[in-house]
Amino acid sequence: MDGNGRWAKKRGLPRTAGHKKGARVFGEIARYCRDIGIRYLTVYAFSTENWRRPADEVADLMELLKEHLRDVSNYKDENVRLLFLGDRTALDDELRDLMRQAEEGSKNNTGITVCMAINYGGRDEISRAVRSIAQKVAAGALSPDTIDENCIADHLDTRGIPDPDVIIRPSGEKRSSNFLAWQSAYSEYVFMDILWPDFTPNDLNQALLEYTKRSRRFGGVG
């Protein structure tokens, strides 16, 4: 969900205004994905690198996340299951509690699974998975001979979640920015020159239409 700050700057507004508008757009897109039958949506809300931003902006972002998580009943009404990706140890107690409550309160919802990546980085996720595997090997609970792609996938934040078919990158940037580094090995990318706060369901439709034109061979012959 990229381009919130630039969207605000273009309008002479504080960056916080862009983040708030981006949060509203996220809600609209999540509902639209649910309504058209998409089963999984993963959004990059806050990266491990975003801590480098000004402290006041980081604080505003964290407060914005809390605001949207305080009423778990919203997710029951929307039939949205919420999951969170990323390292929670750097987050404050209140936010971690709200994340746990949102996951628990929405676990039986079946409309769509929305994964929010908070304090997430693809390399960091792989590093944490490797440490967990190494600890099990050291404890004798896991044999090195059994470590394969499935074993690694089972130690990632996304265990049990299918790899993404398509990754949409708005804002005109053309890089993955450390997003789902393992899971995106065979994902299709659609890059769009639009800032996230301006993103609409019609833009999503255009991205999905572009995706349908791709030939996914997974290394085979089409």
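**Around Pro-164, and a helix pair**

Colleague: Where does Pro-164 lie?
Modeller: Helices (H or I, at least four residues) and strands (E, at least two) are DSSP runs here, numbered from the N terminus. On that count, Pro-164 sits in the loop between helix 7 (149-153) and strand 4 (166-169).

Colleague: What should I know about the model itself, and how are residues numbered?
Modeller: It's a predicted model, where local features need pLDDT of at least 70 and side-chain atom pairs count only at pLDDT 80 or more, while totals for chains, interfaces and linings use all residues. Side-chain values use heavy atoms, with hydrogens and water left out, and residues are numbered along each chain as its sequence is written, from 1.

Colleague: Which residues does Pro-164 touch?
Modeller: A contact is heavy atoms within 4.5 Å. Leaving out residues up to four places away in sequence, Pro-164 touches Leu-180, Gln-183, Ser-187 and Arg-216.

Colleague: What is the phi of Leu-180?
Modeller: Leu-180, one of the residues Pro-164 touches, is in the loop between strand 4 and strand 5. Its relative accessibility is 3%, so Leu-180 counts as buried. Most residues other than glycine have a negative phi. Leu-180 isn't a glycine, yet its phi is positive, about 50°.

Colleague: And Ser-177: what is its relative accessible area?
Modeller: Ser-177 is also in the loop between strand 4 and strand 5 (188-191), and it has a positive phi near 50° without being a glycine. Ser-177 is partly exposed, because its relative accessible area is 28%.

Colleague: Over to the helices: are helix 2 and helix 3 roughly parallel or roughly antiparallel?
Modeller: Axes are lines fitted to C-alpha atoms, for helices over the stretch in contact, with angles from 0 to 180 degrees between N-to-C directions. The axes of helix 2 (residues 15-35) and helix 3 (residues 55-69) come within 10 Å and cross at roughly 25°. Therefore the pair is roughly parallel (under 35 degrees; over 145 is roughly antiparallel, 65 to 115 roughly perpendicular, the rest oblique).

Note on methods: Buried means under 20% relative accessible area, exposed over 50%, partly exposed in between (1.4 Å probe, protein chains only).
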